[in-house]
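Hello,

Here is the structure I promised to pass on to you. My notes on its charged side chains follow below.

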Amino acid sequence: MAISLDRLVGFHQKALSVRTDRMEVISGNLANANTPGYKARDIDFNKAMKSAQYDQGGLVKTHDKHLSGRSQMQAEIEFRIPEQADTGDGNTVDAQVERNNFLDNGMRYQAGIMLLDGKIKGMKKALSSGG
């Protein structure tokens, strides 16, 4: 029986990748909290994961000479709609919101790591008990 690591961890690996990208975007927002004119950005996690689900099917080859293609998941970075009134300098970063989003994203990232760790440990246990 063939073991597909992509089936085992593929979706979770993509989720962690989106979480990592989102942490970088939020970090950039926090770093530019005092930069005049800076617009806060973010990645819509749900939209990125829907895109990843769509990409899992891959491209269908209709001829033997066609190259096999693989689409790269690109998380789309969007500007965040500000919740606070304009501070006068055009900056839309709310440091408290960014910190909360960073912490939330970090906890979800850790949960994803723990889930993957459990899957890998289960696979190792299954492999070691079978042989």
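A salt bridge here means a side-chain nitrogen of Lys or Arg within 4 Å of a carboxyl oxygen of Asp or Glu. By that criterion Lys 121 and Asp 117 form one, with their closest N and O atoms 3.2 Å apart. Please keep in mind that this is a predicted model.

Lys 121 and Asp 117 both sit in helix H3, and because they are four residues apart there, about one helical turn separates them. Lys 121 counts as exposed, at 53% relative accessibility, while Asp 117 is partly exposed at 36%.

Salt bridges with shared partners also join Arg 22, Asp 42, Arg 80 and Glu 98 into one network. In total, the structure holds six salt bridges.

Arg 22 pairs with Asp 42, and the closest N and O atoms are 2.8 Å apart. This pair ties together distant parts of the chain: Arg 22 belongs to helix H1 (residues 5-31) and Asp 42 to strand E1 (residues 41-43), 20 residues apart. Arg 22 is buried, its relative accessible area being 10%, and Asp 42 is buried too, at 12% relative accessibility.

Asp 42 also forms a salt bridge with Arg 80, where the closest N and O atoms are 2.6 Å apart. Again distant parts of the chain are linked, since Arg 80 lies in the loop between strand E2 (77-79) and helix H3 (95-130), 38 residues from Asp 42 in strand E1. Asp 42 and Arg 80 are both buried.

Best wishes

Notes:
Residues are numbered from 1 along each chain as its sequence is written. This is a predicted model: local features need pLDDT of at least 70, side-chain atom pairs count only at pLDDT 80 or more; totals for chains, interfaces and linings use all residues. Side-chain values use heavy atoms; hydrogens and water are left out. Helices (H or I, at least four residues) and strands (E, at least two) are DSSP runs, numbered from the N terminus. Buried means under 20% relative accessible area, exposed over 50%, partly exposed in between (1.4 Å probe, protein chains only).
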